[in-house]
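Please look through the structure shown below.

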Amino acid sequence: MRAQFRSRIRLVLAFLVLVALGILLRLYFVQIVNGEEYSLKADRQFASVSSGLFDRGSIYFIRKDGALISAATLATGFLVAINPQILTDPESAYFAISSAASSTISHDGFMAATAKKSQVYIEVAHRLSESAGQTLSAKAIPGVQVLRERWRQYPGVSLASQSIGIVSYGSSDTLAGRTGLEAVYDGTLSRSGDSLYKNFFAELFSNVGNLLVNAKDAREGDIITTIEPEVQTRLSNNVAKLNQKYSSKESGGIIMNPSTGAIIAIASYPTYDGNNLQTVDPKLLGNPFVEHVYEFGSIMKPITMAAALDAGVVTTGTTYKDTGCITVNTRQICNWDLKARGVIPMRQIIMQSLNVGASWLADQLGQEKFRDYFTRLFGEKTGIDLPNETGSLLTNLRKSQQVGYDTAAFGQGIAVTPVQMIRALGALANGGEMVQPHLVSAIRLNSGIERTLEWKKKIKVFSATSTRDTVEMMSALNDEILYGGKAKIPTMSVAVKTGTSQLTSPNGGYYTDRFFHSFVGFFPAYNPRFIILLYTNDPKGVQYASETLDTTFLDIVHFLIDYYGVPPDRGFQETS
Amino acid sequence: MRNSRIHFPFSLVSFCTGVVGVLLVLYIGLIAVVMSYATVTVEFSHSVRNDEAAVAMLEGRYLANVASITTTDYAIAGYALPIAKIFVPAKSVTALR
């Protein structure tokens, strides 16, 4: 009897062990072998509820006081879907949905959707506000589902939109950053989205390490840009007004810290609203600051001057005879007013913007040295954290014809991007070093750690003496020439240079009546905090940049002085 | 022959039954904890995101106000341009604080 009982017990125990092993085996297959498949299946079943919601890190502007303001974030609301198999009264459903949603499909489209009786889920409206979604949900219309939805939101609307970028499906079926910082930092901003499906047991079996240290937390995070929202707003507004006033093809501006390369504002016009991409011209999605090259004209002259001074081929005391026009390789090069100046010192080349003088400097430098300086300045991409950066067009400097060098000396015949241009001009402002322009200063990781990005790559181009001499000439231009001397700020030295270049014709050669205007300036001139580059392409009814861009430039200068409280660098005697 | 089998002071069947019971309770408890944790995580995550969205709305308003101030033409609004601008030393600003 006892032996029989024991054998029964053993039988029961063996059965229990077998069942336990079977369950363990099943768990292993469900959670580890086929875990991903089940996860996807769950995603499909609950595609529009909580777990499948779009998630992505934020991009921030940084105010002068260090406060972070969202440039790109997530908005939450509701989407509306219908189940044609359950929906009984399509007309009243359409009325209810269209009155709640700001944009929905057309009446005909809705009716066609309701006719698809084989389907159980068709989305008919998106981006309903919180209140509208709650109101519609409260009506509990049979066959109408109101589900939580999240989407990318740009609170600044069109503020720095071409540099912030967009998120879209592109050619794949996943939402990802496609342009601007959204694309460059997609690895940091995108979220894998599997964290809520994390199965404790599966994690325990497969990867104990992940439970303790999450690798995603060290990779995923938010982006903190160097863009100051109020300065950005000011620049954007000024650039838009400028473009509208002169009916230009396009206009743009960059404000950068010349010591660090941090871009404080970057604005172009026309631009777009990242929240409403349906009607945007795809051409606008690109970024002209890194993807377009321009012949900038006379703002190149200070660079030529600094190169000549640095090479030691001229000094500030050197003079040359200006004849008004010269002929080089059968091509005539003339001053803007065709007038000869006679024997004049170097500073007049900058102050009067003399093409003949700039060409003379190129001659003094010689082709090899000229090519060497300009290749160092513009031969490489800047490495800015924006996608699709293009290189410059310096073909003329690879030829032996002197005219190519002479025209390059005043910014014609070579084309560079605006970011390359401000980087090169920044070398004049900061004592001769080219810094690396950048838009992102730090990454705030999900782990809570803020990782500051290093942008320390610097290229020495000019000596400090040669840049100081050039800055003196540019500062004199502001104080004595611009606005007939009225632009002078008694308490602040400002270095400036205007540029006007002829636009290239698609048939070869240049237009005689269509121009590209540019303007560069920095202040305080001898220890600058800001360098400003402005340009407008093909403005109508004006010929020179001093007519179009000086007002915009001076407005920005005065705004920055007030906003940042930039202390005076001249004009006051210290009193006790 | 001496019987070498080990004798427990309790019934092995009762012991096994007890262990199975405890393990079952533990398993169910663990599942409950994991489910609760997942629910709380989801709710917390949603709550954070909803708050962020609400903050983004306020930030949008702030940026719109900045844009509005920037685009305001004060001359049209009835304000006259200053007749003269006087530059004062930064030190006097400090003194006025």
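In this predicted model, strand E19 (residues 510–523) and strand E20 (residues 530–537) of chain A run antiparallel and are joined by eight bridges. One residue to look up in this pairing is A:His517, whose bridge partner in E20(A) is A:Thr536.

How many strands form the open sheet, and in what order? There are five, in the order E9-E8-E20-E19-E18 (chain A), and the pairing is antiparallel. Strand E9 (263–269) and strand E18 (495–504) of chain A each have a single partner strand, so each of these edge strands has one side without a neighbour in the sheet. From one strand to the next, the twist averages 10°. A helix also packs on this sheet: H18 (residues 418–429) of chain A touches strand E8 (250–256), E19 and E20 of chain A. The direction of H18 makes about 145° with that of E20(A).

The next topic is a pair of helices. Two packed helices are described by the angle between their axes and the distance between the axes. For helix H13 (residues 301–311) of chain A and H15(A), the axes come within 10 Å and cross at roughly 35°. The crossing of H13(A) and H15(A) is left-handed. On the H13(A) side, the residues that meet H15(A) are A:Lys301, A:Thr304, A:Met305, A:Ala307, A:Ala308 and A:Ala311. Their counterparts in H15(A) are A:Ala358, A:Leu361, A:Ala362, A:Gln364 and A:Leu365. By class, the residues of this contact comprise eight nonpolar, two polar and one charged.

Is H15(A) mostly covered or mostly uncovered? Helix H15 (residues 355–365) of chain A is mostly covered, with nine of its eleven residues buried. Among the buried residues are A:Ala358, A:Leu361, A:Ala362 and A:Leu365, and these four also take part in the contact with H13(A). Other buried residues of H15(A) include A:Asn355, A:Val356 and A:Trp360. After H15(A) comes A:Gly366, which has a positive phi, near 85°.

The last topic is the contact between the chains. Chain B contributes 22 residues to this contact and chain A contributes 26 residues. Which element gives the most to the side of chain B that touches chain A? That element is helix H1 (residues 12–71) of chain B, with 19 residues. The side of chain B that touches chain A has 13 nonpolar, six polar and three charged residues.

Key
Residues are numbered from 1 along each chain as its sequence is written. Chains are lettered from A and ligands numbered from 1 in the order in which they are written. This is a predicted model: local features need pLDDT of at least 70, side-chain atom pairs count only at pLDDT 80 or more; totals for chains, interfaces and linings use all residues. Two residues are in contact if their C-beta atoms, placed from the backbone, lie within 7 Å. Helices (H or I, at least four residues) and strands (E, at least two) are DSSP runs, numbered from the N terminus. Ala, Val, Leu, Ile, Met, Phe, Trp, Tyr, Cys and Pro count as nonpolar, Asp, Glu, Lys and Arg as charged, and the others, Gly among them, as polar. A residue is buried if 20 or more other C-beta atoms lie within 10 Å of its own, exposed if 12 or fewer, and partly exposed in between; C-beta atoms are placed from the backbone. Axes are lines fitted to C-alpha atoms, for helices over the stretch in contact, and angles run from 0 to 180 degrees between N-to-C directions. A crossing is left-handed if the near helix is turned anticlockwise from the far one by less than a right angle, and right-handed if clockwise. Two strands pair if DSSP finds at least two bridges between them.
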